[in-house]
Amino acid sequence: MTKKKTSVSKKRSEPSSHHHTHGQSHCVDILRQLSAYIDDELPSDICREIRRHLGACPNCEVFVASLQHTVTLCRHRPAPQLTSADRANMRHAILDVANAQ
Amino acid sequence: MRTPAPKKTSEHPAMQEPDEFDRLYRDHVDLIYRYAHRLCGEAESAKDLVQETFLNAYKGLKDFRGEAQVSTWLYTIASRACMRMRRKRKGQPEHELSLDEFVPTSEGEFRLQIPMDGLSPEEALQNKELRQALDQAIEKLPRKYRMALVLRDMEGLSAKEVGTIMGLNERAVKSRLHRARLFVRRELSARGITHHDDHKSGDLRS
């Protein structure tokens with residue numbers, strides 16, 4: 001996500017940000033930035049703000065964990081491999097079509 | 001990884017560059033098949049996409065100047081070919097994913113979990129139910145979101161590289177990626193997959 005300041009950072013100075021009030025809008029602000037948070041693309045002050053929220057909001061903490069798990073599973077999903085025969089057959093097919101054109 | 005710029009002549013490329021094409025094919029067919037399989041979700045369509053990709057690469061080889069990495073060039077050709085492919089199977093219609101649709105509306109929805117407690121990703125993926133749910137979730141993604149997720153999270157490319165391949169700026173790539181991840185997360189966690197030990201089920205690729 002972008003690095004521009006959002007309402008998450010604006011709330012930094014509010015005393016309520018240190019206590020979890022479970023404001024739905026704050027959770028939605030967090031949700032919008034979670035991929036950037038997971039990918040470590042956010043400025044450190046916003047990261048701190050998100051970490052503070054996660055520590056106080058079990059719902060968002062579980063949410064970010066499940067999103068992190070999703071990314072981890074995608075990264076580790078093995079892909080099928082071609083056989084030597086498949087490689088050779090496809091090469092022939094490609095060259096046949098190319099030479100026919 | 002760079003292909004030397006071939007000489008330009010009016011001859012058919014097959015007459016001058018068979019070795020070059022063979023080298024290109026040999027070095028990259030596995031990479032492009034892996035990408036194609038992740039995009040298509042099954043072997044036959046993936047092979048069709050590989051052939052289409054290398055046929056187009058063959059035709060374009062004489063103009064390829066090595067300004068981009070060969071792999072980036074091939075990913076780009078494959079991605080364009082994929083967008084042109086007819087949808088062979090029924091599935092989720094192509095549509096835009098809105099962030100709003102991923103905002104949980106209940107506490108239960110917030111707290112849905114993916115069963116990975118204490119397991120490495122490799123161990124978690126031994127669970128066939130989880131593996132299939134992951135594949136189905138990716139397959140249900142509208143194509144342009146699936147492409148961003150596959151290139152970034154499965155092929156491991158940077159957002160900049162994905163942008164080059166998909167013709168998008170980085171911000172648009174990250175936006176698509178975020179929505180794609182939220183979609184897959186919701187599909188996975190909503191399935192209520194139970195954690196059971198089938199570590200000995202063997203074939204991870206089924």
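Two residues are in contact if their C-beta atoms, placed from the backbone, lie within 7 Å. With that in hand, here is a quick tour of a predicted model, in which local features need pLDDT of at least 70, side-chain atom pairs count only at pLDDT 80 or more, and totals for chains, interfaces and linings use all residues. Residues are numbered from 1 along each chain as its sequence is written, while chains are lettered from A and ligands numbered from 1 in the order in which they are written.

**Helix H7 of chain B**
- Helices are DSSP runs (H or I, at least four residues), numbered from the N terminus.
- H7(B) covers residues 128–140.
- Its buried residues (20 or more other C-beta atoms within 10 Å of their own) are B:Leu130, B:Arg131, B:Ala133, B:Leu134, B:Ala137 and B:Ile138.
- These residues lie on the same side of H7(B), because they cover an arc of only 165° around the axis, taken from the directions from the helix axis to the C-beta atoms.
- Their cover includes H5 (58–76) of chain A, along with H6 (121–124), H8 (143–154) and H10 (170–190) of chain B.

**Where the chains meet**
- In chain A, 35 residues are in contact with 43 residues of chain B.
- H5(A) supplies the largest share of chain A's side, 13 residues.

**The domains of chain B**
- An automatic or database domain assignment divides chain B into domain 1 (13–84) and domain 2 (99–200).
- Nine residues of domain 1 of chain B are in contact with 13 residues of domain 2 of chain B.
- On the domain 1 side, H4(B) gives the most, with five residues.

Note on methods: Helix = DSSP H or I, 4+ residues; strand = E, 2+ residues; numbered from the N terminus. Expected span 1.5 Å × (residues − 1). Buried ≥ 20, exposed ≤ 12 C-beta atoms within 10 Å, placed from the backbone.
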